[in-house]
Amino acid sequence: MASTDQPDLRAAAPHLVPPLSRPQVADGETLRTVPLAGLTLSVRSRTPAAKGLPPALFVHGLGGSSQNWSALLEQLADSVAGEAVDLPGFGDSPPPDDGDYSLSGHARAVVRLLDASGRGPVHLCGNSMGGAVVTRVAALRPDLVRTLTLVSPALPELRPQRSAVPTALLAVPGATALFRRLTRDWTAERRTREVLALCYGDPGRVSAEDFAVAVREYERRLRLPYFWDSLGRSARGVVNAYTLGGQHALWRQAERVFAPTLLVYGGRDRLVAPRMARRASAAFRSSRLLMLPEAGHVAMMEYPDVVADAIRGLLAETGRPDDSTKGE
């Protein structure tokens with residue numbers, strides 16, 4: 001990656017702001033704790049522009065957090081009452097009491113949150129691993145899902161891209177410990193640059209301010225005693241889910257989703273091959289596709305305005321239940 005791809009903060013990074021003790025909360029956002037039996041979840045929300053807007057829930061990917069959705073939450077404040085959850089062991093959510101980081105375990109956490117809140121059915125959105133999680137939720141609990149939006153969902157690929165292999169190797173027992181030893185001299189700044197290079201189609205789109213926030217967040221996470229364990233075991237959960245057959249197979253569950261679905265893929269995605277858009281379009285019964293040629297793996301962070309417009313189109317097409325009789 002060339003030095004001009006994103007802001008050069010090598011000298012400034014250690015002096016930007018003292019490391020955060022809590023995740024970054026943007027203006028207009030709140031972060032609350034939701035206690036459930038054997039589980040505590042952190043939920044980020046943004047005050048909607050008007051009362052009565054339909055509820056939406058956003059689920060991040062492997063190594064991510066609810067903060068990944070901040071830009072989209074702001075863009076959609078005029079359309080939905082948006083919340084984003086930190087999955088167990090990520091963001092500000094502690095590990096689950098039972099240590100279950102499987103894909104089904106994460107899906108159960110989302111279901112339990114929705115059941116406890118009484119907000120369903122919601123417009124449900126997921127990125128990467130979160131895309132696989134919400135696919136399972138939509139297949140097994142259709143009563144909780146009004147529409148489904150998947151941004152580069154981590155659904156099984158027979159021939160994964162070479163650039164995605166190192167991430168998949170995190171699932172191998174002992175791999176995270178080895179990676180920690182090999183990268184023990186890496187600063188949080190370097191780790192952040194590596195993640196951005198992997199996930200963004202163009203890391204140069206990241207502003208100096210956003211990069212500084214990301215570095216501080218990485219510093220905070222590295223101090224968590226369970227950081228590497230939750231990362232490795234969740235990666236293992238994704239890989240294990242890829243091997244399941246029958247009714248538990250992710251592609252089989254995709255075919256069981258009846259909710260109108262928006263699929264968002266990036267042409268420069270190094271983790272989920274853009275070619276998977278065709279298979280996903282065929283698998284989900286009622287789907288529309290948004291291809292962003294310049295985007296990487298996190299289109300909702302790179303192009304939040306474009307993704308927000310597509311979601312508004314999905315909402316307009318499906319309508320709200322209380323509007324179903326209008327115009328008759």
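User: What makes the crossing of H6 and H7 right-handed or left-handed?

Analyst: The crossing of H6 and H7 is right-handed; by convention, a crossing is right-handed if the near helix is turned clockwise from the far one by less than a right angle, and left-handed if anticlockwise. This is a predicted model, in which local features need pLDDT of at least 70, side-chain atom pairs count only at pLDDT 80 or more, and totals for chains, interfaces and linings use all residues. Residues are numbered from 1 along each chain as its sequence is written, and side-chain values use heavy atoms, with hydrogens and water left out.

User: Why are H6 and H7 called roughly perpendicular to each other?

Analyst: Helix H6 (residues 188-199) and helix H7 (residues 208-222) have axes that cross at roughly 115 degrees and come within 9 Å. Angles of 65 to 115 count as roughly perpendicular, under 35 as roughly parallel, over 145 as roughly antiparallel and the rest as oblique, and H6 and H7 are therefore roughly perpendicular.

User: How do you know that H2 and H3 are roughly perpendicular to each other?

Analyst: Helix H2 (residues 103-117) packs against helix H3 (residues 129-140) at an angle of about 65 degrees, with the axes 9 Å apart, and H2 and H3 are therefore roughly perpendicular to each other.

User: What makes E1 and E2 a pair of strands, and how do they run?

Analyst: Two strands pair if DSSP finds at least two bridges between them, and 8 bridges join E1 (residues 29-36) to E2 (residues 39-46), which run antiparallel. E1 and E2 form a hairpin with 2 residues between them.

Conventions:
Helices (H or I, at least four residues) and strands (E, at least two) are DSSP runs, numbered from the N terminus. Axes are lines fitted to C-alpha atoms, for helices over the stretch in contact, and angles run from 0 to 180 degrees between N-to-C directions.
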